[in-house]
Amino acid sequence: MSDEQSASVPDTPITTAALTAFGHGGGDGPEPPRKRVISWAMWDWALQPFNTVILTFVWIALYLTSRMFLDPQVRESGLLADGSYMNCNSDEFMASDYCQGLTDLSEWWGWANFAAGILILILAPVLGQQADARGSKKKWVVGSTIAVALFQFALFFVDADPKHFWFGAFAVAIGSVVNEIGNVSYYAMLSEVSTPKNVGRVSGLGWGMGYLGGVVALIACIPVLFLVGQDEPLSFKLVAVICGVWTIVFAIPMFRNVPESPAYDTSQRVGFLRSYVVLAKNIAALFRTNRPTFWFMLAAAVYRDGLAGVFAFGAVLAAQGFGFSFIEVIVFGLAANLVAGVSTLLAGRLDDAIGPRRLIVVALVGLVVMAFAVFLLKDLGTIVFWICGLLLCAFVGPTQAASRSLLTRLTPPSQQGEIFGLYATTGRVASFLSPLAWSLFLAWFGGIIYGVLGIGLVLAIGLVLLLLVRFPKDVGV
């Protein structure tokens with residue numbers, strides 16, 4: 001990979017949407033009303049229960065991939081003499097029918113997630129471009145919000161029966177696709193609630209509201225699951241309904257107080273299929289004019305999907321692989337959010353001290369080491385996952401923050417908006433890698449614990465790609 005740039009090739013505008021607000025913010029006009037800013041950020045709060053409660057720590061990990069969806073005979077075969085169930089991280093039980101059944105459920109969820117990743121790869125890049133060109137970003141956000149809420153309501157009808165597994169899996173997987181499509185337009189609306197001077201602060205407010213929303217939503221689940229019963233399907237059905245109501249109620253401020261974005265003259269208004277041609281031209285233009293940034297975005301697309309895999313499958317591994325109880329998974333989720341948040345705050349200081357590239361490399365090495373440590377030390381029990389799992393979460397935030405910092409240093413000020421838009425888009429094109437690696441490793445080796453090796457492999461490939469990038473010496477990375 002080379003850092004050479006073709007001086008003879010003129011700069012080509014890159015108009016891919018998603019975070020194009022950096023380019024459309026336009027001038028130093030007055031700041032938008034505070035009410036509009038907060039209303040925009042509330043959307044992150046509104047959608048976070050779907051990500052934190054449904055996708056990550058509760059509904060998938062503790063219900064859909066749990067023994068409640070096993071055939072009754074297989075479920076009973078995992079019951080030990082003391083009334084507890086087998087721990088499937090142990091070599092003693094890994095080949096049992098019970099553990100193989102749990103492995104199959106986790107593998108199948110991985111395949112559903114893989115299908116969602118392919119849909120995101122196909123749809124998200126061009127739908128963002130379409131919304132930007134046609135001035136319909138808010139319509140996409142409103143539509144996707146309502147759809148995500150309806151998918152959460154649909155989960156009430158998923159009974160604890162093997163025959164209902166795929167209905168639940170695809171309801172959540174398609175919900176995640178719709179959520180991603182909404183995210184594309186949501187971040188592209190940043191220009192309606194910020195100016196070039198405060199865009200970072202406003203963007204950070206959205207991230208912060210999402211983080212707090214996830215914590216509060218997890219805490220809100222605890223009374224429901226305790227009062228109704230941790231092994232009662234009704235408790236998980238009610239949690240899904242609560243999340244759906246939460247999504248609708250807390251999205252109302254954004255619906256009411258944030259105006260629709262105009263269609264921007266710099267965006268090409270083309271048909272759906274033609275949007276793929278526009279995207280390809282944008283990527284080709286980046287390759288010609290800023291090759292180090294091109295190679296960095298390729299590496300980042302891979303390792304960022306590995307980061308997504310840590311959260312997508314981490315709680316499943318904890319609950320079904322290491323036998324975490326309901327309360328242990330909830331506490332781990334709260335601790336993971338706290339650790340990730342604190343480490344992200346500290347990342348800024350480390351970034352200034354050692355540079356973003358070194359910070360990303362250190363964090364990715366840590367992630368790969370911890371992933372393989374979880375596998376190699378699995379026989380030591382839950383303490384291994386507590387330590388290594390939280391360290392994994394500690395490395396995620398710095399990697400994300402330093403990646404944005406590195407991209408900022410690589411990109412000329414005049415191209416910040418366009419490049420960040422393309423960065424947001426390419427971050428979704430590899431969203432199928434972690435689910436694919438997870439499911440293949442479970443299928444090949446027959447144990448849930450092997451899934452962490454698949455995630456570790458994706459992270460390792462991203463690390464190697466990053467190490468191969470030759471950055472210009474004058475950007476201080």
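Modeller: Happy to walk you through this one! Helices are DSSP runs of H or I with at least four residues and strands are runs of E with at least two, all numbered from the N terminus. This is a predicted model, in which local features need pLDDT of at least 70 and side-chain atom pairs count only at 80 or more, while totals for chains, interfaces and linings use all residues. Residues are numbered from 1 along each chain as its sequence is written, and side-chain values use heavy atoms, leaving out hydrogens and water.

Colleague: What share of the residues is buried?

Modeller: A residue is buried under 20% relative accessible area, exposed over 50% and partly exposed in between (1.4 Å probe, protein chains only). The protein has 477 residues, and the buried share of them is 58%.

Colleague: Among contacts between residues at least 6 apart in sequence, what percentage joins residues at least 24 apart?

Modeller: Contact here means heavy atoms within 4.5 Å. Taking the contacts in the protein between residues at least 6 apart, those that join residues at least 24 apart make up 85%.

Colleague: Now the cysteines. Which two form a disulfide?

Modeller: The cut-off is a pair of cysteine sulfur atoms within 2.5 Å. The structure holds one such link. Its sulfur atoms are 2.1 Å apart, and they belong to Cys88 and Cys99.

Colleague: How many residues apart in sequence are the parts that this pair ties together?

Modeller: Cys88 sits in the loop between α4 (72–77) and α5, whereas Cys99 belongs to helix α5 itself. The pair therefore ties together parts whose separation in sequence is 11 residues.

Colleague: Is the link of Cys88 and Cys99 left-handed or right-handed?

Modeller: Look at the angle about the S-S bond, which is -90°. With that value, the link of Cys88 and Cys99 is left-handed.

Colleague: Are Cys88 and Cys99 buried or exposed?

Modeller: Cys88 has a relative accessible area of 3%. For Cys99 the value is 1%. Both Cys88 and Cys99 therefore count as buried.

Colleague: And Cys221: which cysteine has the nearest sulfur?

Modeller: Cys221 is buried at 5% relative accessibility and is in no disulfide. The nearest cysteine sulfur is 5.3 Å away and belongs to Cys243.

Colleague: Last one: what is the relative accessible area of Cys243?

Modeller: Cys243 is in no disulfide either, and the nearest cysteine sulfur to its own is that of Cys221. Cys243 is buried, with a relative accessible area of 4%.
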